[in-house]
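Please take me through this structure step by step.

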Amino acid sequence: MTDQEILAGLAEIIEEIAGVPADEVTPSKSFVDDLDIDSLSMVEIAVAAQDKFGVEIPDDQLKDLTTVQDVVNYVAKNAGSTA
Amino acid sequence: MSSAFPPARGARILSFGGYQPGNVVTNADLTARVDTSDDWIRSRVGIVSRRFAGPDETVTDMAVAAGGKALAASGLPPGDIDLVIAATCSDEADIPNVAAVAAYRLAIVAPGAYDINAACAGFCYALASASDAVRAGSARHVLVIASEKMTNWIDPEDRSTCIIFADGAGAAVVGPVADGEREGIGPVVWGSAGDLAPRIAIPDRRSYMYQEGQAVFRWATTALHPIAARACERAGVAVADLAAFVPHQANLRIIEAIARRLGVPRERLADDIIHAGNTSSASIPLALSRMTERGDLKPGSAALLLGFGAGMCYAAQVVTVP
């Protein structure tokens, strides 16, 4: 899974859950400040990301993932040897 | 004294009753005492207003009010009730129990009477127990009451809980099905996740309730839709054929997420929380009584109930609307 693929998948999830158009989900965006996504939507996004990428994002990690790039990095790092 | 009855082929709900205290508390009222806003409360939990009981109004008082309405709507004389089950987790004291005192005040003479605590899942647990009692013949008519004064245990200055929880009661009368009538209370699918119990707790009788909102949200939106789906399967009712999905009114965001994952359209989701708040075990029968009173639910239609909360206890069943 490339970073681009993770970003595209994440953008789809965010569009579905938070109604933010997928093309606005770019790496530098902050969930809270730019995309207006609250902590409960972040939990829903984490759950959907687990279904899609097979990577669990626990609540205690979630609070440190503030930008789209942070989530992409976390998924990429924890996706294991799926290549 | 109650005696045993012939076992019934099945059980059904005969009537509902609901009670909310008179004191309406709006989001604006809460912003006057804690740092929050109407927008924040509506967007996070979906509540616009709720009711708080007065200082002298007890869990038992509200149980009597709701139980009396359900009893009157059933058309049965009080003497026909053999068993009273009260679901509550917010009573002022453990002794005496709510069920026996409420029964006495409703002129139900010497019924079996016990309380159960399965927190917000309490009504569904009590309904399952009532159905089993009727089917087994240990009772013929059961008054099930869920009554909660959550404000007994909520810190009025804790903005994470005081905006959510509220007071109220709901009740149902359960009896045997008539000859040739379909089962009216489907098989219960229930369980618990005690490993998560510390996420919602009142540590002792001198403490306020504590809740880890984010962890509870994650559990509720991931663990429960398969339970609800299994209750439909066991009742032989397709999700598409449900007239209503009536989950515990925990938080609008949680129940919308469960409904979405279950495949229930938004218009069939009970959203009584908007004007009732989270009344723990009372929320399901309170919603049902209002929906049937308004004519939103046609007699004979199928409603899926899903209780869930502290413990973490959960229970689901499909019922036929009286």
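**Starting from one residue**

Leaving aside neighbours within four places in sequence, B:Ala128 is in contact with B:Val188, B:Trp190, B:Ala315 and B:Gln317. This is a predicted model. B:Ala128 sits in helix 5 of chain B, which covers residues 122-136. Is B:Ala128 buried or exposed? There are 24 other C-beta atoms within 10 Å of B:Ala128. The cut-off for a buried residue is 20 or more, so B:Ala128 is buried. B:Ala128 and B:Val24 are 104 residues apart in sequence. In space, 32 Å separates them, C-alpha to C-alpha.

Next, the confidence of the prediction. Chain B has an average pLDDT of 96. In chain B, 99% of the residues score at least 70. For the complex, the predictor gives an ipTM of 0.81 and a pTM of 0.93.

**Strands of chain B**

Strand 7 of chain B spans residues 167-176. Ten of its ten residues are buried, so strand 7 is largely enclosed by the rest of the structure. Which strands pair with strand 7? Strand 1 of chain B, residues 11-19, is one of them. Strand 1 and strand 7 run antiparallel and are joined by eight bridges. Within this pairing, B:Tyr19 has B:Ala169 of strand 7 as its bridge partner. Strand 6 of chain B, residues 142-149, also pairs with strand 7. This pairing is antiparallel too, over eight bridges. Here B:Leu143 stands opposite B:Val173 of strand 7.

Now move along to strand 11 of chain B, residues 244-247. B:Ala244 and B:Val246 point one way from the strand. B:Phe245 and B:Pro247 point the other way. All of these residues are buried. Strand 11 pairs with strand 12 of chain B, residues 302-309. The sense of this pairing is parallel, and it has four bridges. B:Ala244 has B:Ala303 of strand 12 as its bridge partner.

**Backbone details in the loops of chain B**

Most residues other than glycine have a negative phi, and most peptide bonds are trans.

Start with the peptide bonds. The bond from B:Ile95 to B:Pro96 is cis, with omega near 0 degrees. B:Pro96 lies in the loop between strand 4 (83-87) and helix 4 (98-105) of chain B. The bond from B:Gly311 to B:Met312 is also cis, with omega near -10 degrees. B:Met312 lies in the loop between strand 12 and strand 13 (313-320) of chain B.

Then come the phi angles. B:Ala110 is not a glycine, yet its phi is positive, at about 50 degrees. B:Ala110 is in the loop between helix 4 and strand 5 (112-116) of chain B. B:Ser280 is not a glycine either, and its phi is also positive, at about 50 degrees. B:Ser280 is in the loop between helix 9 (273-276) and helix 10 (283-294) of chain B. Which of the two surroundings is buried and which is exposed? B:Ala110 is exposed, with 12 other C-beta atoms within 10 Å. B:Ser280 counts as buried, with 32 C-beta neighbours inside 10 Å.

**Chain A**

Turn to chain A. Its secondary structure comes to four helices and zero strands. From the N terminus on, the elements run α-α-α-α. The radius of gyration is 11 Å, close to the 12 Å that the globule rule gives for 83 residues, so chain A is as compact as a globular protein of that length. Along its principal axes, the C-alpha trace of chain A spans about 35 × 25 × 20 Å. Of the 83 residues of chain A, 30% count as buried. Take the contacts in chain A between residues at least 6 apart in sequence: 56% of them join residues at least 24 apart.

Helix 4 of chain A, residues 68-78, shows where some burial falls. Its buried residues are A:Val68, A:Val71, A:Val72, A:Tyr74 and A:Val75.

**Where the chains meet**

How many residues does each chain bring to the contact? Chain A brings seven residues and chain B nine residues. On the side of chain A that touches chain B, helix 2 of chain A gives the most, with five residues. By class, that side has three nonpolar, one polar and three charged residues.

Definitions and conventions:
Residues are numbered from 1 along each chain as its sequence is written. Chains are lettered from A and ligands numbered from 1 in the order in which they are written. This is a predicted model: local features need pLDDT of at least 70, side-chain atom pairs count only at pLDDT 80 or more; totals for chains, interfaces and linings use all residues. Helices (H or I, at least four residues) and strands (E, at least two) are DSSP runs, numbered from the N terminus. Two strands pair if DSSP finds at least two bridges between them. pLDDT is the predictor's confidence in each residue, from 0 to 100. Two residues are in contact if their C-beta atoms, placed from the backbone, lie within 7 Å. Ala, Val, Leu, Ile, Met, Phe, Trp, Tyr, Cys and Pro count as nonpolar, Asp, Glu, Lys and Arg as charged, and the others, Gly among them, as polar. The radius of gyration is taken over C-alpha atoms; the globule rule is 2.2 Å times the number of residues to the power 0.38.
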